[in-house]
Amino acid sequence: MVLSRSFAQLARKSGQAKASILVAKEPLDSPPLEIHTLGHNELRKSAQRVSKVDESVREVARDMLRSMYTAKGIGLAAPQVGIQKKLLVIDIDHETPSTPPIVLINPEIITFGATVETYEEGCLSIPGVYLDVIRPSTVKISFRDEMGRPRKMNADGLLGRVIQHELDHLNGVLFVDRVTDKEGLTKELDDHGFNKDDVSPVMS
Ligand SMILES: [Zn+2]
């Protein structure tokens with residue numbers, strides 16, 4: 001059996017689009033971008049929309065991915081590396097080198113699901129700290145992908161959780177701001193050398 005020419009072209013084209021953002025899922029000795037940690041004011045700013053999705057945006061996304069893989073994270077938001085743009089990279093599958101990461105440009109929440117769940121979160125900007133956070137179980141978002149195409153996505157489970165965590169970063173919100181167990185929070189931050197005064201609790 002042979003593939004028709006048009007089908008083969010189509011397959012090649014979609015392969016190219018996917019490959020455009022893929023970088024080696026390996027830690028680097030010197031990652032391209034420094035990830036700011038709790039207490040740094042870059043983490044508390046509101047990010048601006050990306051006006052045009054071009055090669056320079058894709059290059060930033062690739063550098064963010066390289067830094068994320070080096071730090072063994074599954075999501076990274078541009079403000080964490082001091083870039084105040086609405087740009088997120090996510091990869092919940094580090095084990096498969098060929099699985100493309102997800103790039104979310106100008107992501108917006110369309111709706112949250114009606115149910116909530118508790119899940120332990122961590123953050124590359126607060127290394128070592130892991131605490132329970134309550135969030136909606138599902139989320140529906142709109143965004144542009146790395147090729148500038150408008151997309152919509154429903155996400156639940158780990159992916160839904162990562163998306164909500166990363167979206168918070170675009171508004172200067174950190175997961176520790178949403179932790180309800182204040183005693184546990186103070187202890188965990190203390191144990192890892194962070195200052196509880198750098199937390200800005202959100203009421204939800
Ligand atoms: Zn984070």
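Lys72 sits in the loop between α2 (55-70) and β1 (75-77), and has a positive phi of about 60 degrees although it is not a glycine. Most residues other than glycine have a negative phi. Asn106, in strand β3 (residues 102-112), also has a positive phi, of about 50 degrees. Asn106 counts as partly exposed because it has 19 C-beta neighbours inside 10 Å.

The model is predicted, so local features need pLDDT of at least 70 and side-chain atom pairs count only at pLDDT 80 or more, whereas totals for chains, interfaces and linings use all residues. Residues are numbered from 1 along each chain as its sequence is written. Helices (H or I, at least four residues) and strands (E, at least two) are DSSP runs, numbered from the N terminus.

The protein chain has four helices and seven strands, arranged along the sequence as α-α-β-β-β-β-β-β-β-α-α. For 204 residues, a compact globule would have a radius of gyration near 17 Å, and the 18 Å of the protein chain agrees; this radius is taken over C-alpha atoms, and the globule rule is 2.2 Å times the number of residues to the power 0.38. The C-alpha trace spans about 65 × 40 × 35 Å along its principal axes. Of the 204 residues, 31% count as buried.

Five strands form an open, antiparallel sheet in the order β1-β2-β3-β6-β7, where two strands pair if DSSP finds at least two bridges between them. Its edge strands are β1 and β7 (150-155), each pairing on one side only. From one strand to the next, the twist averages 40 degrees; axes are lines fitted to C-alpha atoms, for helices over the stretch in contact, and angles run from 0 to 180 degrees between N-to-C directions. Within this sheet, β3 and strand β6 (residues 139-144) pair in the antiparallel sense over five bridges, with Phe112 opposite Val139 in β6.

Helix α2 has 16 residues and reaches 22 Å from its first C-alpha to its last, close to the 22 Å expected at 1.5 Å a residue; the expected span is 1.5 Å times one less than the number of residues. The helix lies across β1, β2 and β3, running at about 45 degrees to β2. Helix α3 (residues 157-170) also packs on the sheet, touching β1, β2, β3, β6 and β7, and its direction makes about 20 degrees with that of β1. Contact here requires C-beta atoms, placed from the backbone, to lie within 7 Å. The buried residues of α2, including Val57, Val60, Ala61 and Met64, pack against β1, β2 (87-90) and β3.

These pieces come together in the interior. A nonpolar core is a set of buried Ala, Val, Leu, Ile, Met, Phe, Trp, Tyr and Cys residues joined through C-beta atoms within 7 Å. In the largest one, of 42 residues, Ala61, Met64, Val89, Ile90 and Val176 touch the most other members. Helix α2 gives the most to this core, with seven residues. Leaving aside residues up to four places away in sequence, Met64 touches Leu33, Leu76, Ala78, Val81 and Val89.

How values were computed
Buried ≥ 20, exposed ≤ 12 C-beta atoms within 10 Å, placed from the backbone. Contact = placed C-beta atoms within 7 Å.
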